[in-house]
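Hi everyone, thanks for coming.

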Amino acid sequence: MSLPGKLLPEALKTLGKDRATVSYPKNKRTLPDRFRGAVEFDPDPCTGCGMCERHCAADAIVVGTDDDGNVTWEYDVAKCMFCGQCEESCPTDAIVMGKDFELADSDRESFEESYTFER
Ligand code: SF4
Ligand code: SF4
């Protein structure tokens, strides 16, 4: 069978059906409830316990203290695998998996987030 002869029946099958694609980025699909994008961090409930750092297989989170004894919390989204383990491990719900997935940037430093706060 020639190629047009194969394609025509397939094309006819789609007539009257909804489009399977959207015109991204103009139109966007609704993300599933369990979609995991970049980590969102809230320093208020964070105790600086370091569980998120210990359980992150990608070394994307670093927790420490600065010279003044403040807690430092750093996240590198370029290393993150979006596995959700840090959210599972955090005992105070200071971490949630967000919905942001449009993370491309030409500036390496824009992938890094850091917080310094007293405890
Ligand atoms: S989602 Fe996974 S890879 Fe990303 S920071 Fe959390 S534990 Fe690490
Ligand atoms: S974000 Fe959660 S697990 Fe990580 S240091 Fe803070 S309290 Fe501990």
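Predicted model: local features only at pLDDT ≥ 70, side-chain atom pairs only at ≥ 80, totals over all residues.

As for where it sits, Asn70 is in the loop that runs between strand S2 (61-65) and strand S3 (71-76). And is Asn70 buried or exposed? Its relative accessible area is 15%, and the cut-off for buried is under 20%, so Asn70 counts as buried.

Now over to helix H1, which covers residues 3-13 and has Leu8 in it. Leu8 has a relative accessible area of 52%, and exposed means over 50%, so Leu8 counts as exposed. Together with Leu12 and Leu15, Leu8 makes a nonpolar surface patch of about 330 Å².

Next, the ligands. Ligand 1 has 13 residues around it, and the nearest are Cys56, Cys80, Met81, Cys83 and Cys86. Sort that shell by type and you get eleven nonpolar residues, two polar ones and no charged ones.

What about ligand 2? Here 14 residues surround the ligand, with Cys46, Cys49, Gly50, Cys52 and Cys90 the closest. The shell around ligand 2 splits into ten nonpolar and four polar residues, with no charged ones.

That's my tour, so let's go back to the picture and chat.

Note on methods
Residues numbered from 1 in each chain as written. Chains lettered and ligands numbered in written order. Heavy atoms only, no water. Near = heavy atom within 4 Å. Nonpolar A, V, L, I, M, F, W, Y, C, P; charged D, E, K, R; others polar. Helix = DSSP H or I, 4+ residues; strand = E, 2+ residues; numbered from the N terminus. Buried < 20%, exposed > 50% of the residue type's maximum accessible area, 1.4 Å probe, protein only. Patch = residues over 30% accessible without salt bridge, like charges linked within 9 Å, V, L, I, M, F, W, Y side chains within 5 Å. Areas by Shrake-Rupley, 256 points an atom, 1.4 Å probe, with all protein chains shown as cover. Salt bridge = Lys/Arg side-chain N within 4 Å of Asp/Glu carboxyl O.
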